[in-house]
Amino acid sequence: MLTPILAYLLSVLLLCRIAFSQYSSDQCSWKGSGLTHEGHSRDVEQVYLRCSQGSLHWLYPTGAVIVNLRPNTLSPAAARLSVCIKPSRDSHGANIYLDRAGKLRLLLREQDQAQGKVTCFSIQEGSLFIEAIPHRDISKRITSFQYELVTERIGAGAGALAGVEPQALSAPCQPCSDAEVLLAVCTSDFVGRGTIQGVEQEAEQLSVTVAISRLYRQKTQVFVSGGVRVRRWTGRVRMPRQCGVRPGPGKGDGDFLFTGSVRFGEAWMGCAPRYKDFLRLYQEAEQSGTNPCHVDTD
């Protein structure tokens, strides 16, 4: 029979364990092990991740893990968020599904994850259901991926996003509307004025070398400076190969205004109007008081 003191200590220990479990799964990243479920191969664990980016590492997968991605915002714009995941090339041991109201849709098979290819889906498509594949041997296995929450471009087809690539979220190769250009200047990961110096075709996309004469913003070092006395930056930006980009200033005279996002360390082109067109658009918006942010165009 338990003494009152021992019963109290056990209850405190249990409460601490529950609190730690809730805290450890309510963060940006999660790391767990199927060894804690030994003898309970059908256990299903709930994980809550509430950041704009993070990772998951599941050692010795057993049973299943449901990953609920919940951004820390109540903004209506949260409904237009998409989730992009990039599996590690050594990820194996589980299949990844989308779970919406108990209905599963296969997103990534175990053998697909070794390609390390980015896959995106609308956050409204549901949670991630990661189901371990039973193995009789005890060799080390790990299911691992990075994730990022991204904003869908209006008109990008949010109703059929499951399994699309990240560049599809920005409606590639389609001209941006005036409102989208102004918003891109304010919200993009990088913004700069310059020209296209070269284009290389890779397996599934184009690698575009860009020379920047005026760098307005970059969250990560996409463009590298040519030196203290040289106000010039260069860098590589990716685009879908169907866009048919060519080196030079494009049709007509003048530079481009390049905007875009960084996904898993890679820069992807967003809106890229000719600079003179952007300048006209920005000045009109400034006169009417509709520009969403200030840009030093002098």
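Colleague: In what order do the five strands of the open sheet come?
Modeller: This is a predicted model, and here five strands form an open sheet with mixed pairing. As background, strands of a sheet pair through backbone hydrogen bonds, either parallel or antiparallel. Going across, the order is β2-β4-β11-β6-β9.

Colleague: Which strands stand at the edges, and why is one side of each left without a neighbour?
Modeller: An edge strand here has a single partner strand, so one of its sides has no neighbour in the sheet. That goes for β2 (30–33) and β9 (119–122).

Colleague: How many degrees does the twist average from one strand to the next?
Modeller: Stay with that five-strand sheet, β2-β4-β11-β6-β9. From one strand to the next, the twist averages 20 degrees.

Colleague: Now for β5: how many of its six residues are buried?
Modeller: In a regular strand the side chains alternate between the two faces of the sheet. In β5, Ala-64, Ile-66 and Asn-68 point one way, while Val-65, Val-67 and Leu-69 point the other way, and all are buried. Buried means under 20% relative accessible area, and in β5 the count is six of six.

Colleague: What is the bridge partner of Ile-66 in β10?
Modeller: β5 pairs with β3 (residues 44–49) in the parallel sense over six bridges, with Leu-49 opposite Leu-69. Four bridges also join β5 to β10 (residues 127–132), and these two run antiparallel. In β10, the partner of Ile-66 is Phe-129.

Technical notes: Residues numbered from 1 in each chain as written. Predicted model: local features only at pLDDT ≥ 70, side-chain atom pairs only at ≥ 80, totals over all residues. Heavy atoms only, no water. Buried < 20%, exposed > 50% of the residue type's maximum accessible area, 1.4 Å probe, protein only. Pairing = 2+ DSSP bridges. Axes fitted to C-alpha atoms, helices over the stretch in contact; angles between N-to-C directions.
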